[in-house]
Every structure is written in C-alpha cells, then in structure tokens.
Amino acid sequence: MIQLHNVFLSYQKEVSALSNINLKVAKGEFVFLTGISGAGKSTLLKLFYGALKPDRGQVLIDGQNIIRLPAAQIPYLRRKVGVVFQDFKLLPNRTVLENVALTLEVLGWGKKDIGKKVYHILKQMGLEHKINSTPLRLSGGEQQRVALARALVNDPKIILADEPTGNLDEESKSLILNILKESNIRGSTVVVASHDKRLIDNCHRRVVILDKGRITEDSDVPK
Amino acid sequence: MSPNKSAKRPKLSREGFWGQLHYFFTRAITNIRQNMLVNILTIGTISLAILIVTLLLMVYINLERATDQWSERVQVTAYFDSELTPQELNALKTKIHSIQGTGKVVYVSKAEALQRFHNRLKGQDALLEGVTANILPSALEIQLDKENRSSDALKAYVARLGKIQGITEIQYGDEWVKRFNNFMDFMRLVGILLGGFLVLAVVFIVANTIKLTIYSRKDELELLGLVGATRLFIKIPFLIEGILQGAIGSALAIILTTCLYLGFLHNAGNFLSFSPAEANLVFLPLPHLAGVFLGGILLGFLGSLTSLKRFINL
C-alpha cells in the first residue's frame with residue numbers, strides 16, 4: 001500500500017529531513033512511526049499524502065508514484081487517505097457536523113446522505129450529542145475525536161495519524177486507539193506517528209523508529 | 001464496512017451543471033453567513049470605494065454636459081455686402097447647409113441687429129441717437145455641430161464658408177474659441193488623471209480587502225486541499241463570494257448615490273444660491289449605472305481570483 005525507495009528530502013539544502021528511507025507498509029497493516037521530536041515522523045507522513053515530494057527516491061501510495069503524479073491528481077490521491085493532524089485543523093466557525101461533512105462534500109455526497117453518515121460516525125465516537133457544537137466548545141479529547149471522525153468518515157484506504165493521543169488523558173487515548181484499531185480491522189492501512197512509548201508498547205504492532213531522518217529500527221515483532 | 005466501500009458512495013448531490021452551480025451558490029452563501037463580520041466590512045469598503053467613483057463620474061458627466069452647452073456659443077457670423085432678396089437668402093442658406101459641420105443657421109436682419117444693439121446699450125440710449133437700421137449689416141449666424149467646434153475644425157469651416165459667393169466678411173471669435181477649447185482640454189486631462197488615479201486606488205483597496213478576507217480563511221483553504229478538494233472546488237465558492245460582494249457593494253453604492261442626488265436636489269434650494277433643477281444637473285444615465293454595477297462585479301471576481309492564487313497551491 002505504501003512503498004518508499006531510497007527517499008531523501010531536505011527542507012533547506014543543508015538540513016536533511018529524511019535520508020535514505022526504505023519502507024514498505026502492506027495493505028491492512030498497522031504501523032507506528034516513532035522517534036524523538038524532529039526525527040522526521042511528520043515529514044514522512046506528509047510524503048504519504050502528497051503534501052511534500054522527495055528530492056530523490058520513489059514514493060508509491062496505493063500503486064501511484066507521487067513523484068510523477070500531476071498536481072491536478074493529488075486531490076484524488078488524498079481522497080483515499082484520511083489524515084488526523086497533530087493540531088486537529090478543525091474550522092472554528094463551523095459546527096462538528098460541518099467539519100466532518102467536509103470530507104464527504106468534497107466527494108460530492110448529497111446533504112441527506114452526509115447527515116446520516118456523519119451522525120453514524122459521530123455516534124461511534126460518542127459525540128452525537130455535540131453534532132451542532134463548534135470545536136471551541138469541545139475538550140481536547142473531543143476535538144481529537146472530531147478530527148478522527150473527519151478522517152474516517154469516507155472509509156479511506158489509508159489512515160495517517162500524527163500524534164493522535166498527544167496531551168490527552170488515558171481514557172481518551174485508549175478510546176482513540178480503539179477507533180484506529182477498529183478501522184484497521186475493517187481493512188484500512190493505519191500509520192500512526194507517536195512518541196508515546198507506553199501507548200506503542202501496549203499496542204503490540206509493527207514499530208518503525210526514526211532518528212535524524214533515518215530509519216534506525218523496524219521491528220515487525222511486537223516487543 | 002470495508003475501506004473500499006467509498007467507491008460505492010451514494011448518488012452525488014451535484015450531478016450536472018445546475019446541480020454543481022446550486023451546490024457552489026449554497027456553499028458561497030453559507031460562507032458569507034458564517035463570516036458575516038468580515039463580509040460586512042468587505043462589502044462596506046467596496047460600496048464606499050465605488051461610491052466615490054460614481055460621484056466623480058456624475059460630476060464628470062454633468063461637466064461634459066455643461067461644456068457642451070457652453071460650446072454651443074461657438075458660432076460663425078457671415079456678413080454680405082448688399083441686402084439679399086428672400087430667394088437669394090434661401091439659396092445662400094442651402095449652400096451653407098451643404099458644408100459639412102453646419103448646425104443651425106439663423107438670419108439676423110438689419111432691424112433685428114438694431115434691436116440687439118439697443119438691448120445691449122440699455123440705459124445709454126443717448127449713444128444710439130441718429131443710428132438707423134440701415135447702417136447695420138444683416139447677417140447669418142451659423143452654429144456648428146459638436147464635432148466641429150474645435151479651433152482647427154472651426155478654421156477649416158470658415159475657409160470653406162469664405163469661398164461662397166456673396167459673403168464678404170466672417171467673424172468667429174477665434175481667440176475665444178482657442179482659449180475655451182484649451183481650458184476644456186485641460187479640464188478633461190485633469191478629470192482623466194484624477195479619475196484614473198481614483199479607479200486605481202479603488203482597485204487596490206478592493207483587491208486588498210478581499211485578499212484580507214481570504215487570508216483570514218487560509219486555514220479553511222488549506223484544509224479543503226488536504227481532504228482532497230480540487231482547485232476548482234475550492235475556488236468556485238470563493239469566486240462566487242467575490243462576485244456577490246462586488247454586486248452587493250456596487251448596488252449599495254448606486255443606492256447611496258441616488259439618495260445623495262435626490263437629497264441634494266431636494267435641499268439644494270435651501271443652502272445654495274442656485275437650484276440644481278435650473279442648473280439642469282442630471283443623474284447617471286442607465287448605461288453608466290449598468291457599467292458601475294458590472295464593474296463592481298468584475299472587481300469582486302478579479303479581487304478573489306488574484307488573491308486565491310496566492311493561497312491555493314496544491
């Protein structure tokens with residue numbers, strides 16, 4: 001589902017963000033990307049949804065080489081990828097319903113179908129009673145779940161989550177992780193960037209460790 | 001629920017051109033509703049900017065109209081040596097009318113010339129003692145078409161007029177016409193320069209106001225791109241918003257101009273020594289109003305289009 005071959009990327013000419021990355025994530029896999037801050041986790045995720053292009057190397061997402069993908073095709077790639085951003089990226093002047101509906105509006109769904117689908121996913125997240133609230137009236141955990149709902153609402157092939165449990169209490173962390181696991185069971189490929197060692201240890205999944213833009217460890221076997 | 005199920009999504013809401021247009025209009029109106037304050041400020045700025053242009057346009061149109069009226073005083077007087085019979089006079093008039101640029105031709109008889117002389121020297125009748133109509137020449141006063149009132153055109157006209165047999169002397173106030181035309185050319189240049197700068201300032205103000213509106217929503221633009229919206233999908237509602245802002249702004253400007261015009265007309269008698277009705281002040285003609293309205297729409301559209309280019313970079 002995701003393949004990287006000899007990928008190099010630098011933000012400025014001298015600062016290397018990713019260096020010689022080789023990585024394969026199979027369809028239906030659940031992978032943690034971990035490492036200290038600045039190790040390159042978020043940069044790697046950005047490659048997966050076409051927000052960045054590497055200086056060298058190949059990046060294949062669902063069989064599409066993003067190096068050769070024309071800019072006009074990037075939106076269609078992103079429709080297959082649900083992203084949970086570290087800063088949530090919720091629109092403060094729109095309700096929870098409208099925030100989650102964005103993903104389906106882009107796909108051209110009808111208003112009625114959007115309403116049903118959004119209500120369904122918010123119910124799964126335990127947020128159906130907040131459907132008409134604006135994000136500013138929600139707690140951090142609730143905002144994270146809305147961001148997750150927006151990423152999952154169209155059942156994407158790939159789910160990318162950047163620090164989805166950062167600054168959350170244990171209960172919220174566990175809830176979010178369970179939602180991601182359920183999506184993985186339903187067939188989505190999930191990549192989670194996190195530096196929460198306890199969370200990763202408890203999850204028993206493949207872990208890719210990054211350091212200074214290089215993969216230093218890739219453990220398929222749960223520790 | 002497999003992840004591939006999204007391929008079997010429900011029927012699209014915006015199938016066909018009208019479906020899509022309906023969706024984008026609804027989206028644009030919802031966006032305006034959700035960003036009411038910013039939109040009110042933008043529309044207010046647009047209407048004030050267009051109001052200034054509209055007022056200047058009205059002043060310009062009225063000045064042009066006034067100069068047209070003043071330039072009607074540009075006339076040529078043709079004198080002849082002997083008194084003409086009615087037949088000769090008609091033949092002469094026909095010849096004059098055949099010259100290109102001739103407007104109205106009025107015959108001033110000796111008696112009428114004396115009457116005018118009397119009117120001009122009213123109160124000094126002693127000066128006219130012994131003056132009879134016979135010592136004054138009869139003449140033809142010729143007004144020229146609007147296009148032939150410039151100094152050069154006038155000279156060319158007089159040259160052609162001079163070739164007609166029977167006309168012995170031609171007077172046309174050459175110096176006055178020259179000065180009047182120079183003054184009007186200067187006024188037009190000032191008007192065009194002022195208007196040009198004003199229009200540039202308005203375009204700059206409106207474009208920047210719209211840019212700020214869009215800048216305040218750059219997170220929304222970014223997010224739409226991240227969830228898979230195409231450039232067109234992101235741009236169209238913003239462009240429609242720009243068009244609506246321009247349309248509402250220019251409509252408000254036209255309404256304000258109408259109110260100012262009517263208010264001015266209504267109250268002018270109270271605070272001015274002249275009545276605009278007498279001065280014959282006119283409101284903007286319909287094609288100009290339509291131009292202002294369409295200009296506002298174009299401004300809103302182009303303002304949005306150029307601003308979006310800076311923020312949409314998928």
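**Helix packing in chain B**

Reply: This is a predicted model. In helix 2 of chain B, the residues B:Val38, B:Thr42, B:Thr45, B:Ile46, B:Ala49, B:Ile50, B:Ile52, B:Val53, B:Leu56, B:Tyr60, B:Leu63 and B:Thr67 meet B:Met184, B:Met187, B:Gly191, B:Gly195, B:Leu198, B:Val199, B:Val202, B:Ile205, B:Val206, B:Thr209, B:Ile210 and B:Thr213 of helix 6 of chain B. The residues of this contact divide into 17 nonpolar, 7 polar and no charged.

Me: How do the axes of helix 2 and helix 6 of chain B cross?

Reply: Two packed helices are described by the angle between their axes and the distance between the axes. Here the axes of helix 2 (residues 36–71) and helix 6 (residues 174–215) of chain B come within 10 Å and cross at roughly 170°. Angles over 145 degrees count as roughly antiparallel, and these two helices of chain B are therefore roughly antiparallel to each other.

Me: How many helices and strands does chain B have?

Reply: Chain B has 10 helices and 4 strands. From the N terminus on, their order is α-α-β-α-β-α-β-α-β-α-α-α-α-α.

Me: Which residues have the most contacts inside the largest nonpolar core?

Reply: In soluble globular proteins, nonpolar side chains tend to be buried together. The largest nonpolar core here has 70 residues, and those with the most contacts inside it are A:Phe48, A:Val100, A:Leu148, A:Ala149, A:Leu160 and A:Val191. A second, separate core of 27 residues includes B:Ile43, B:Leu244, B:Ile254 and B:Leu284.

Technical notes
Residues numbered from 1 in each chain as written. Chains lettered and ligands numbered in written order. Predicted model: local features only at pLDDT ≥ 70, side-chain atom pairs only at ≥ 80, totals over all residues. Core = buried A, V, L, I, M, F, W, Y, C linked by C-beta atoms within 7 Å. Buried ≥ 20, exposed ≤ 12 C-beta atoms within 10 Å, placed from the backbone. Axes fitted to C-alpha atoms, helices over the stretch in contact; angles between N-to-C directions. Parallel < 35°, antiparallel > 145°, perpendicular 65-115°, else oblique. Contact = placed C-beta atoms within 7 Å. Nonpolar A, V, L, I, M, F, W, Y, C, P; charged D, E, K, R; others polar.
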